[in-house]
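Let's take a walk through a protein model together, one stop at a time. Have a look at the sequence and the fold first, and then we'll start with some aromatic rings.

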Amino acid sequence: MFPTTELPQPCETRGQRTPLMEDENIQPAIITLTQERVKLNVGGELFETTVSTIRSGGPESLLYALSYRPRDDRNPIFIDRDPEIFSVLLSLLRTNRLPSSARRFSKQELSDEAVFYGIEANLKSAISPPPFNGIDASIVANIRPTSDGVVSAFTAANGDGSIWLAHGGQISNYDRNLIHDRTIRTHLEEITSIRRVWPEIAALGSYTASGLHFYNFSSGRHIGSSHWSDPTDPRIYKARVTAIADSSTSIFAAFDCPHRENSILVIDKSTLQITSELGRQLGSSAKNTVAGKLTWIPETNVLLGSAVTCGAFGYSGYIRLWDARSGDVVWETNEPGSGRSSRFGDSFADVDVDVESLKVFKVCSKSGDLGVADIRKLGEDPWVYLKDKNPGMGNTSRRGSGNIKIHCYKNEVFVGREGELEVWSRVEGRESGVEESKGDYEDLYRRNYVDKAEDSERGIIKQIEGGGDRLFVSRENVEGIEVWETSKFSSVLSVL
């Protein structure tokens, strides 16, 4: 008879155990456990799921850690938390989507519980809007401050979908989940310009008070001010801020004095001290009025400023580009004028820049036509007027009178005409990055309505600005800010 030899069990090893050997022995157990059922007692309510489901939150999550327990322990794992919200989060782990029952809870409640379980990344992915597309956008929320509900200015410059609102003399911060974070009160009576120049620092201007003022949102403190002054010129005093822009190193603010002298000051971001001055003007005519809009164009290192005035003879204004390093004007156009006989008398009502495609867009005040010019090919008459070939939109003629606002975002151009919101999008099939001729622009964009008929009746559009995968819209004398997002499913709004 052969001698018997006792073989070692698969889970045992002879001699000293090593981490590698431990991993090799444990791994088969993990594989067999992933489809096993596990019971959880959350706040007194029993849940039964699989190990693979609770591990889908990732190895850093609490539920992942709780999945490792002795195989012979069949008692439910007790978690002292809200069972109703856990039911929502468990459904999220199963399907990567939030169930309809999520409507019963605020984003803050869901977020707090997701942080506890360590699955905030899963929740963020589920509630984050899809890539923004103006044609498929709809209103998903209305942010309304509790006091002084009419928003005088706002900024979404952080790019993550969060927004800072100015209402009266206060600023309110809403995070990327549109949850109110905090509100601080400033020394200003009414804030009319706001720009987020650092993650926690806002630059503020007011028509009722002089200077550019900086507030730290975390502490709620006023940390500094910049005033335009000139001891050699007594006309330079009590200058108010009308527009703010910023680059990675500088802040640009347009200042206007009571006697209409105006200029753009360049302020160092690190010290908040004035470093230089651009384009001082007397303000005695429309082509010398203070800039009402400033835009920094990083690829060309230039600052675009525009001004629009409306009087008894219609609209007039200018568009001007400054080289930030030399302070020189590198291009400008004044309307009416500049030798454009075919468009004389049809001055622009608003201007904006698509900094990604390096194009300037304007809306004509009488015809309502949309003009575009390539910043790299500016000349005496660089404008091309887009042709609307969408048969469902009707004619753009006679749509120029009244209040018109324009905003470029994510290669789309949004135009607010009174209360209506429309979008001009690049025509699919046209290759981006290929140099187009001047005539090609006519057919490069197509116009569509963003809003529905009932949306257009909410009031006159005052400001449009994009941030993250959202578009924010404010209306004159209407409380709150509209939040527009592209739905994840056709004709279906976000559940939150």
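Which residues do ring pairs link into a cluster? They are Phe-47, Phe-86, Phe-116 and Tyr-117. Keep in mind that you're looking at a predicted model, not an experimental one. The count of aromatic pairs in it comes to 8. Take Phe-86 and Tyr-117: their ring centres are 5.3 Å apart and their planes meet at 50 degrees, so this pair is called tilted. Phe-86 belongs to helix H4 (residues 83-95) and Tyr-117 to helix H5 (residues 107-117), so the pair ties together parts that are 31 residues apart in sequence.

How covered up are these rings? Phe-86 is buried, with a relative accessible area of 1%, and Tyr-117 is buried too, at 0%. Tyr-117 also pairs with Phe-116: here the centres are 5.1 Å apart and the planes stand at 80 degrees, so the pair is edge-to-face. Phe-116 itself counts as partly exposed, because its relative accessibility is 35% and "buried" requires a value under 20%.

Arg-55 lies over the face of Tyr-64, at 5.6 Å from the ring centre. You'll find another case at Tyr-449, where the charged end of Arg-447 sits over the ring, 5.9 Å from its centre.

Now for the strands. As a bit of background, strands of a sheet pair through backbone hydrogen bonds, either parallel or antiparallel. Val-266 has Ser-276 in S16 as its bridge partner.

S29 and strand S30 (residues 470-475) run antiparallel and share 6 bridges; Ile-464, for instance, has Val-473 in S30 as its bridge partner.

Next, a hairpin. Strand S21 (residues 348-354) and strand S22 (residues 359-364) run antiparallel and are joined by 6 bridges, with Val-353 standing opposite Val-360 in S22. There are 4 residues between the two strands, and Leu-358 in the turn has a positive phi of about 60 degrees. Is S21 mostly covered or mostly uncovered? Mostly covered: 7 of its 7 residues are buried.

Last stop: how confident is the prediction? The protein chain averages a pLDDT of 84, and 83% of the residues score at least 70. Over residues 338-342 the pLDDT is below 50, and this stretch has 9 contacts in the model beyond near neighbours in sequence. Residues 431-435 also have a pLDDT below 50, with 3 such contacts. Where pLDDT is low, the predicted coordinates should not be read in detail.

Key
Residues numbered from 1 in each chain as written. Predicted model: local features only at pLDDT ≥ 70, side-chain atom pairs only at ≥ 80, totals over all residues. Heavy atoms only, no water. Pairing = 2+ DSSP bridges. Phe/Tyr/Trp six-rings, centres within 6.5 Å; stacked < 30°, edge-to-face > 60°. Buried < 20%, exposed > 50% of the residue type's maximum accessible area, 1.4 Å probe, protein only. Lys NZ or Arg CZ within 6 Å of the ring centre and 35° of its normal. pLDDT = per-residue confidence, 0-100. Contact = heavy atoms within 4.5 Å.
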